[in-house]
Amino acid sequence: MTTPKPKRRAAKKPVAKTEPDYQTAVIGAGPGGLAAAVKLQQAGLRDFVVLERADDVGGSWHENTYPGLGVDIPAIAYQYSFARNASWSRAFPYGAEVKKYHQEVANRFGLYPHIKFGTNVIREEWDDANSYWRLITESGEVITARFLISAVGAFVRPKEEAGIPGRESFQGKYQRPSSWDHDWDHTGKKVAIIGTGASAVQIIPAIAPEVAELTVFQRTPVWSIPKPDFVMPEFGKRVLAVPGLQAAVHGLALVFVDLALRLAVGAPVEATKKVLTRFDSITIKAYAKYLEYVVEDAETRRNLTPSFGVIAKRPTMSNGYLKAYNRENVALIADPIETITARGIKTRDGVEREFDMIILATGYEVFSDPETYRPGIILGRDGFDLGKFYNEAGLQAYESVSVHGLPNRWTLVGPYSWTGSGWHAFVEMTSDHAVRAIKEGVRRGARVIEVRKDAMDAYHRKVFRRAEPVRFYFNELNGHVPTYYRNSQGDSTYLRPSGFFEARRGNRKFPLDDYSYETTEPATAETSVAVNA
């Protein structure tokens, strides 16, 4: 007699989890993520996790290790207000020291236990039934959090395609600033670098003495002024350690930045246009004279001379970039690239040059471009898709940090956000906004906090109107030059058209009622599934 097989029966599925893994999740452990984590701690909101794709803190200062890497603003302006450092070795520190500073901040404030390394969030989904965010990682893990702070930086990802045919055909070595392979020795090699942006300006003088030949392929010249860098003497370190001194000096610098921005966006538009036009004309002529003093070859000087204003593209600071072109083993090529070949690079004039290594310093996808936001990646309420919204309606956010349709979510580097300050001062004030909103929601017992649509729309109308002089500068006066300060929609969403202190007040003192607060408990439901007995 055979024993009958057990029948499949309906069994109750465990009730879905209605409480998230964490109260708050922060995406990214770079300067912004560390700022947000410290601010959460200081507000007493200690149930948080920081999700970092790399294996240590620092963001771009951890991932970038290319030759010559360093800051391009003084260290005194490139640090947190809550962790000022009097022991910088230089006025403009190199990358390794900047990374170490961020590691020390993470240790000092006990952040490492809160960080999940090797966790790359590839999708963010709002769970309306449970009022929290589901964060899907590259490994397939799903992490949930009631509140979400995106601390992804300004340079989101390297441009995979530089718009140059033949990239796959090259048989030599490729290097990228964001993933430099130090095991590959370029000493005595023929090297090409494509691009003359901020990374290239640092790489070129660093490797020029080491390689046999260095050929620079330039699409657009870059402004490069001297960097007042020096080794910090012990006396200087003692001075910087005087309580309040660094804050006062940095504050004074911010006053000047604030006044310049306020004049640019607050003066009558027609008067501002005339001033900007005259300013560009004078500075372009002055820079051409400076090049005559620094660069020996006349044709090289001509190719290095910008036809656009000093702030139309990101200006750079270097004591070695322009002088590198005086070396016999360094050449500047301004002819457009036709294709990359198996052996090197062919320009449109028909000349093919052979190289052992090609450095792709071709830039990044930045936060101010709508194309950076892929549809289907950040999904909010009622089918709201941030990628579709930004590509169709343009980039916009309340105080640059929150978007209606994405409840319980704030971004530290959003549309119309940067005000010319050091990066840390900037991400501190946007962190203040996010933490203030979260703390108020917790005080009210709210499960859902969302910026009101009318508040966001009113803010965007004000910002867009005030940005008219900015759009004139980048779209009309310097419309002929490619720049990430002007996006594909013809808008200049990188910069906030206000002074620094107005921006800081806006983020720290925004009306709390510009947000809605919902306390609705989630509905629970049980479903049945078939399982083996």
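Predicted model: local features only at pLDDT ≥ 70, side-chain atom pairs only at ≥ 80, totals over all residues.
View 1. Glu-270 is exposed, with a relative accessible area of 51%. The salt-bridge partner of Glu-270 is Lys-273. The closest N and O atoms of this pair are 3.7 Å apart. Lys-273 counts as buried because its relative accessibility is 16%, and the cut-off for buried is under 20%.

**View 2. Helices H11 and H14 cross at roughly 20°.** H11 spans residues 423–443 and H14 spans residues 500–508. Their axes come within 8 Å. The crossing angle makes H11 roughly parallel to H14. The crossing is left-handed.

**View 3. Arg-508 and Asp-432 form a salt bridge.** The N to O distance is 2.8 Å. This pair links distant parts of the chain, with Arg-508 in helix H14 and Asp-432 in helix H11. The two residues are 76 positions apart. Arg-508 is partly exposed, at 33% relative accessible area. Asp-432 counts as buried, at 14%. Salt bridges with shared partners join both residues to Lys-39 and Glu-428 in one network.

**View 4. Glu-124 and Arg-409 pair between two strands.** Their salt bridge brings the closest N and O atoms to 2.7 Å. Glu-124 lies in strand E5 (residues 121–127), and Arg-409 lies in strand E21 (residues 409–411). The partners are 285 residues apart and link distant parts of the chain. Both Glu-124 and Arg-409 are buried. Across the whole structure, a search finds 34 salt bridges.

**View 5. A nonpolar patch lies on the surface.** Leu-252, Val-255, Phe-256 and Leu-259 make up the patch. Together they have about 380 Å² of accessible area. Phe-256 is part of helix H6, residues 245–266. This phenylalanine, Phe-256, is exposed, with a relative accessible area of 57%.

**View 6. His-186 sits in a loop between two strands.** His-186 is buried, with a relative accessible area of 9%. The C-alpha atoms of His-186 and Arg-84 are separated by 37 Å. Along the chain, these two residues are 102 residues apart.

How values were computed. Residues numbered from 1 in each chain as written. Heavy atoms only, no water. Patch = residues over 30% accessible without salt bridge, like charges linked within 9 Å, V, L, I, M, F, W, Y side chains within 5 Å. Areas by Shrake-Rupley, 256 points an atom, 1.4 Å probe, with all protein chains shown as cover. Salt bridge = Lys/Arg side-chain N within 4 Å of Asp/Glu carboxyl O. Helix = DSSP H or I, 4+ residues; strand = E, 2+ residues; numbered from the N terminus. Buried < 20%, exposed > 50% of the residue type's maximum accessible area, 1.4 Å probe, protein only. Axes fitted to C-alpha atoms, helices over the stretch in contact; angles between N-to-C directions. Parallel < 35°, antiparallel > 145°, perpendicular 65-115°, else oblique. Left-handed = near helix turned anticlockwise from the far one by under 90°.
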